[in-house]
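Biologist: Can we go through this model by question and answer? Keep it brisk, please.

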Amino acid sequence: MNRDLICIICPRGCKMSVDVPDCTLSDMGKPGCEITVVGNSCKRGEVYAISECTNPQRSITSTVRVSNRENVMVSVKTKDTVSKNKIFEVMKVIRSLSVEAPLEIGDELCDNVAGTKIIATKKVE
Ligand code: SF4
């Protein structure tokens, strides 16, 4: 399978072409199952392209209700990126959360979901 990607790691936005062999995920990278990346200008692009084709990662942003303030939501995000296939699991947890003010940017609102934390990205007095 061949995929065309634009690298999002830096503003240069290199156009890359990725050749992904028809192998199981566990065999990927082994002899005969190497992923080939062309068009990247640096190693970071290759790492991004391989990750995007084998285990794509995303940051998740959303909002959580602040229970002790009327009609107030706090913006939140995952502290680290998570596997794309964990997005629904993370969103289910975020939807179930209810937090109390005061909140500072960076406060941890949930300390373990899909291997990361949910943190506030807005101050609420
Ligand atoms: S491949 Fe390297 S230079 Fe090109 S966009 Fe990605 S990080 Fe930037």
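Biologist: Which exposed residues does the face of H1 turned away from its buried side carry?
Modeller: This is a predicted model. In H1, Gly-45, Tyr-48 and Ala-49 are buried. Seen down the helix axis, the buried residues of H1 fall within an arc of 100°, so they line one face. The face turned away from them carries the exposed residues Lys-43, Ser-51 and Thr-54.

Biologist: How far apart are the end C-alpha atoms of H1?
Modeller: Helix H1 covers residues 43-54, which is 12 residues. At 1.5 Å a residue, the span should be 16 Å. The computed value agrees, with the end C-alpha atoms apart by 17 Å.

Biologist: Which residues make up the covered face of strand E2?
Modeller: In a regular strand, side chains alternate between the two faces of the sheet. E2 covers residues 15-19, and its uncovered face has Lys-15, Ser-17 and Asp-19. The covered face is Met-16 and Val-18.

Biologist: What is the bridge partner of Val-18 in E3?
Modeller: E2 pairs with strand E1 (residues 2-6) in the antiparallel sense, through 5 bridges. There, Asn-2 has Asp-19 of E2 as its bridge partner. E2 also pairs with E3 (residues 36-38), again antiparallel, over 3 bridges. In E3, the partner of Val-18 is Val-37.

Biologist: How many residues of the shell around the ligand are charged?
Modeller: The residues around the ligand include Cys-7, Cys-10, Cys-14 and Cys-42. Arg-12 and Arg-44 are also among them. By class, the shell has 5 nonpolar and 4 polar residues, and the charged ones number 2.

Biologist: Which strands stand at the edges of the open sheet of 5 strands?
Modeller: The order is E8-E5-E6-E10-E9, with mixed pairing. Two strands have a single partner each, so one side of each is left without a neighbour in the sheet. These edge strands are E8 (98-99) and E9 (108-113).

Biologist: What is the bridge partner of Val-64 in E6?
Modeller: Strand E5 spans residues 61-66 and strand E6 spans residues 73-78. They pair in the antiparallel sense over 5 bridges. In E6, the bridge partner of Val-64 is Val-74.

Biologist: How far apart do the C-alpha centres of domain 1 and domain 2 lie?
Modeller: The domain assignment gives domain 1 as 2-55 and domain 2 as 61-120. The distance between their C-alpha centres is 31 Å.

Terms used. Residues are numbered from 1 along each chain as its sequence is written. This is a predicted model: local features need pLDDT of at least 70, side-chain atom pairs count only at pLDDT 80 or more; totals for chains, interfaces and linings use all residues. Two strands pair if DSSP finds at least two bridges between them. Helices (H or I, at least four residues) and strands (E, at least two) are DSSP runs, numbered from the N terminus. Domain bounds come from an automatic or database domain assignment. A residue is near a molecule or strand if its C-beta atom, placed from the backbone, lies within 6 Å of it. Ala, Val, Leu, Ile, Met, Phe, Trp, Tyr, Cys and Pro count as nonpolar, Asp, Glu, Lys and Arg as charged, and the others, Gly among them, as polar. The expected span of a helix is 1.5 Å times one less than its number of residues. A residue is buried if 20 or more other C-beta atoms lie within 10 Å of its own, exposed if 12 or fewer, and partly exposed in between; C-beta atoms are placed from the backbone. The arc is that of the directions from the helix axis to the C-beta atoms.
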